[in-house]
Structure formats: C-alpha cells, structure tokens
Amino acid sequence: MNALTRLEQALAGGPQPHDLVQVSGSVSEVTPAALRVGGLSRFVRLGERIALSTQGRAELGEAIRIDRDGVLVKPFATTVGVGLGARASLAGPLVLRPSQGWKGRVVNAFGEPIDEGGPLPAGDVAMPAEGPPPEAMKRARVTRPIRTGVKVVDLFTPLCAGQRIGIFAGSGVGKSSLLSMLARAPGFTTIVIGLVGERGREVREFLDDTLGPMRAQAVAVVSTSDESAMMRRLAPNTAMAVAEYFRDQGEDVLLILDSVTRLAHAARDVALAAGEPAVARGYTPSVFSTLPKLLERAGPGVEGTGTITGIFSVLIDGDDHNDPVADSIRGTLDGHLVLDRAIADQGRYPAVNVLGSVSRLAHHVWTPEQRGLASRMKALISRFEDTRDLRLMGGYQAGADAELDKAIVLVPKIYEALHQEMSAALSTDAFKDLASTLQG
C-alpha cells in the first residue's frame with residue numbers, strides 16, 4: 001500500500017497508517033484577491049484552513065474554491081508575504097475552547113487575546129467556529145419575558161429570553177446608542193459582543209463607557225474595519241461559538257452583533273474572489289445562505305440548557321429598507337426595530353418607528369390589557385402621523401374628528417414618554433412610566 005492510498009483511507013475515516021503522512025502543496029499563483037495552491041485538490045475540503053509558510057513565517061488562509069488545477073486560498077491577513085513556491089499544508093478547522101476565564105476579555109476572530117490580560121485559559125469543551133444549530137424539535141420553547149429597560153422596546157416590541165431581533169437603521173440614526181442601552185439589560189449572566197467592521201476607536205468606547213461594571217461578565221470578539229474580509233466573515237461565527245458554549249453551560253446569554261451587514265459585505269468579497277457571480281446588487285447567492293446559518297444558531301438551546309438572546313444590527317445602505325440583505329434577515333429573525341431618520345432629526349431618541357417595528361413573540365409578554373393599550377396607542381400614532389401635513393397646512397379644524405382630537409392631545413405626550421437618553425437610568429416599569437407622563 002503506497003503513501004497516497006494510506007492517506008486517502010485516513011481522510012475517509014478508514015484504517016489509519018502506522019507512519020504519519022503529511023500532505024503539502026505549493027503556491028503556483030499569487031493575485032491581490034487570492035492564492036492558487038497546487039497538489040492539494042484531492043485532499044482539501046471547501047472551507048478548510050490552509051497553512052502557508054515561507055521564509056520562516058506562517059500565514060493562514062481558507063480554501064474558497066477547489067478544481068483540478070488547484071485550490072484557491074484566500075488569506076486571513078490583509079498583507080501576505082507569500083510568493084511562488086511557498087509551502088502549503090492542511091491546518092484543519094478552527095476550534096475554540098472557551099471557559100469562564102474568558103469573561104472580561106477581548107479576543108480576535110481566531111479567539112486569541114488582543115487585550116493586555118495575558119493568555120486565555122482553555123476550557124474542556126471544543127466548540128467549532130461554524131457549528132450547526134440545535135435540532136428544531138429538541139429546542140426549548142421561547143416564552144419567558146425579559147425586561148430591557150428601554151421604554152419604547154418594552155412598550156411596543158417586548159422581548160423574550162432566546163428571541164432574535166434585528167435593529168434596522170441607516171448610518172447616524174442612533175443604532176449604536178440603542179445597542180449600548182440594550183447591552184445594559186438586566187437578567188443575563190453572560191454578554192457576548194461581536195464588533196464586526198467597526199471603527200477602531202469605537203471598541204474601547206463601547207467596552208469602557210457602555211458596559212462599565214458589566215464588562216466583567218462580557219466577552220468581546222472584535223474585527224475592525226481595517227482587517228481582511230476573511231477575519232470580518234469569521235468574527236461573527238467566533239462570537240456565536242463563544243455564546244453557544246455559555247448557553248450549553250445553562251447560562252442566559254445576551255449576544256449583540258454589530259453588524260450583520262458588514263458580515264454580508266465580507267462574505268460577498270470572499271465569494272466574488274472565488275468567482276461566484278453576483279445576482280442582487282452585487283451580492284452573491286452564497287451570502288443569502290450564509291446569513292440564516294449564523295442567525296439560526298442563536299435562540300434557545302436544547303431542553304435543559306440556557307438561551308442566547310440575539311440582538312443583530314443591520315445597517316441599511318442608503319436608507320433603503322428593501323435592500324436584499326435587510327429583506328433576507330428580516331424574514332429570519334423573530335422581530336425587528338426600525339430606526340427612522342426623520343424621528344432622529346426631531347431629536348427623539350431612541351429613534352424607533354413604532355409603526356414599522358414588530359416583535360413576533362410579544363404575545364408571551366403582554367397581558368390582555370397591555371396588548372389592548374399598545375394597539376390603541378399605535379392607532380393614535382398612526383392617525384397623528386397620517387394627518388401631519390393636513391394639520392400643518394391648516395386644513396383641519398378641531399372638533400371635526402373626535403379620534404384625531406384625542407391623538408393630537410395624547411401622541412405628543414406618548415412621544416415625550418418614549419424619549420430616553422443613553423445615559424439615563426433604565427426603566428423598571430415602562431407602562432407605569434407612560435401612565436405617569438400622560439397624567440402629568
């Protein structure tokens with residue numbers, strides 16, 4: 001039996017050879033987007049990591065396309081000093097070993113520490129970065145209400161533990177501020193924060209100013225905007241794997257991912273480098289299969305474990321809420337909060353459009369009385385906004401419509417009750433605060 005046959009049996013799970021056989025290839029082509037490696041086509045699998053070594057240095061890449069001529073490898077580093085003839089070998093999938101000692105730490109997409117806290121302690125459980133979600137029929141039900149302390153959320157789009165909700169907003173509308181407020185929500189034993197494609201200066205601001213004393217129970221996975229598309233694509237999966245570890249330990253985890261759109265951009269860059277055609281506004285088909293794979297991993301675990309309450313920000317390009325990525329994500333999540341630039345321009349924060357926002361699990365949170373009150377308030381807000389132009393032009397006379405008269409009186413007070421600064425204390429009872437404002 002020759003070495004090639006023994007290796008093929010080993011990779012197929014057959015009889016193991018007594019002597020270790022290592023397969024390696026060499027770089028045959030270098031382009032700005034990817035490298036081509038010859039000699040590995042029969043042994044590598046799509047998505048597997050490849051170790052590249054040259055001049056005493058080692059770099060990692062991922063197999064993004066395989067054909068008879070070779071393997072197309074996209075490096076994780078932004079600049080790679082790999083030339084023709086460099087050796088390439090299989091590196092295996094990324095496996096993380098989180099532990100309780102990871103809390104309070106900041107790691108990169110590989111799960112390596114990037115703060116000054118020293119080496120990370122390794123846990124006993126190996127968590128694959130791109131693991132499967134729990135089986136649908138074995139998952140626990142999502143029924144337990146949680147209080148966020150953000151009045152507009154608790155009143156109109158209340159959440160449950162294990163729910164997945166998106167925050168849809170254009171740039172500069174207060175998305176990060178709302179995420180910061182939600183990060184302080186009580187009732188979670190662990191917080192996992194994935195900052196994908198963010199500006200470098202915002203990382204310490206979020207961790208130091210927003211989390212404050214809660215930073216000790218948070219794990220931050222960071223991939224800034226200057227890192228490669230491969231790192232930005234990997235970071236959300238790393239954050240999800242860390243959250244899954246703590247969920248499997250029975251903890252209630254709050255996962256905040258900012259933003260899913262930048263993950264889609266990174267996945268598009270990788271797919272285009274692999275030669276995949278664009279089908280919708282430059283996005284490739286694989287992008288729309290990548291997103292559900294990630295989002296479905298959040299939520300409740302199997303019976304007897306904890307939950308992952310996922311809050312995913314979605315950056316709306318050009319304020320177009322019909323963007324293909326936004327449409328795909330909206331249909332996968334359990335609800336969405338829409339931030340409106342017109343509301344932000346009026347100085348009302350959080351700039352949540354209550355008419356365009358929905359929580360698909362609100363019926364588990366509201367009492368019948370609260371559900372009726374929320375519906376009546378939405379009806380008044382809708383009537384108030386629909387007639388705004390008419391009233392500004394002086395085309396409406398008081399007394400002509402009793403319901404509109406009521407809306408003109410009450411809606412400004414409702415808006416006042418919903419206003420909440422980022423630095424303000426969290427609300428303990430949003431309906432009580434609303435009643436106090438209306439009576440006052």
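Which residues are buried in H3? They are Lys 175, Leu 178, Leu 179, Ser 180, Met 181, Leu 182 and Ala 183. That makes seven of the nine residues of helix H3 (residues 175-183), so this helix is largely enclosed by the rest of the structure. Keep in mind that what you see is a predicted model.

Now step back to the whole chain. Of the 440 residues, 50% count as buried. Take the contacts between residues at least 6 apart in sequence, and 71% of them join residues at least 24 apart. The accessible surface comes to about 19,800 Å², with 52% of that belonging to carbon and sulfur atoms. As for charge, there are 47 positive and 50 negative ones, and their mean positions sit 2 Å apart.

An unreviewed UniProt entry places the feature "domain: AAA+ ATPase" at residues 161-344. In the model, that span is 42% helix and 24% strand, and its end C-alpha atoms lie 29 Å apart.

Next, the nonpolar insides. In soluble globular proteins, nonpolar side chains tend to be buried together. The largest nonpolar core here has 59 residues, and Val 152, Phe 156, Ile 167, Leu 178 and Ile 311 touch the most other members. Helix H12 (residues 402-418) supplies the largest share of this core, seven residues. Apart from it lies another core, of 55 residues, including Leu 72, Phe 76, Ala 239 and Tyr 245.

Phe 156 is worth a click. Leaving out its neighbours within four places in sequence, Phe 156 is in contact with Val 354, Trp 366, Ala 374, Met 377, Lys 378, Ile 381 and Leu 418.

Is Val 411 buried or exposed? With a relative accessible area of 0%, Val 411 is buried. This residue lies in helix H12 and, not counting residues up to four places away in sequence, touches Leu 380, Ile 381 and Phe 384.

Leu 94 sits in the loop between strand S6 (87-90) and strand S7 (95-96). Even so, Leu 94 counts as buried, because its relative accessibility is 13%, and the cut-off is under 20%. Beyond its neighbours within four places in sequence, its contacts include Arg 49, Phe 110, Met 127 and Leu 234.

| Pair | Apart in sequence | C-alpha to C-alpha |
|---|---|---|
| Leu 94 and Arg 49 | 45 residues | 7.7 Å |
| Val 411 and Arg 383 | 28 residues | 9.5 Å |

Finally, some backbone details. A cis peptide bond joins Asp 258 and Ser 259, with omega about 5 degrees; Ser 259 lies in the loop between S15 and helix H6 (260-273). The bond from Tyr 349 to Pro 350 is cis too, with omega near -5 degrees, and Pro 350 is in the loop between helix H9 (341-345) and strand S19 (358-359). Then there's Arg 281, which has a positive phi of about 50 degrees although it is not a glycine. Arg 281 is found in the loop between H6 and helix H7 (285-295), and is exposed, with a relative accessible area of 54%.

Conventions: Residues are numbered from 1 along each chain as its sequence is written. This is a predicted model: local features need pLDDT of at least 70, side-chain atom pairs count only at pLDDT 80 or more; totals for chains, interfaces and linings use all residues. Side-chain values use heavy atoms; hydrogens and water are left out. Buried means under 20% relative accessible area, exposed over 50%, partly exposed in between (1.4 Å probe, protein chains only). Contact means heavy atoms within 4.5 Å. Accessible areas come from the Shrake-Rupley method with a 1.4 Å probe; for residues, only the protein chains shown count as cover. Lys and Arg count as positive and Asp and Glu as negative; His and the chain ends are not counted. The place of a charge is taken as NZ of Lys, CZ of Arg, CG of Asp or CD of Glu. UniProt positions are given in the numbering used here, feature names are shortened, and annotations may be inferred rather than shown by experiment. Helices (H or I, at least four residues) and strands (E, at least two) are DSSP runs, numbered from the N terminus. A nonpolar core is a set of buried Ala, Val, Leu, Ile, Met, Phe, Trp, Tyr and Cys residues joined through side-chain atoms within 4.5 Å.
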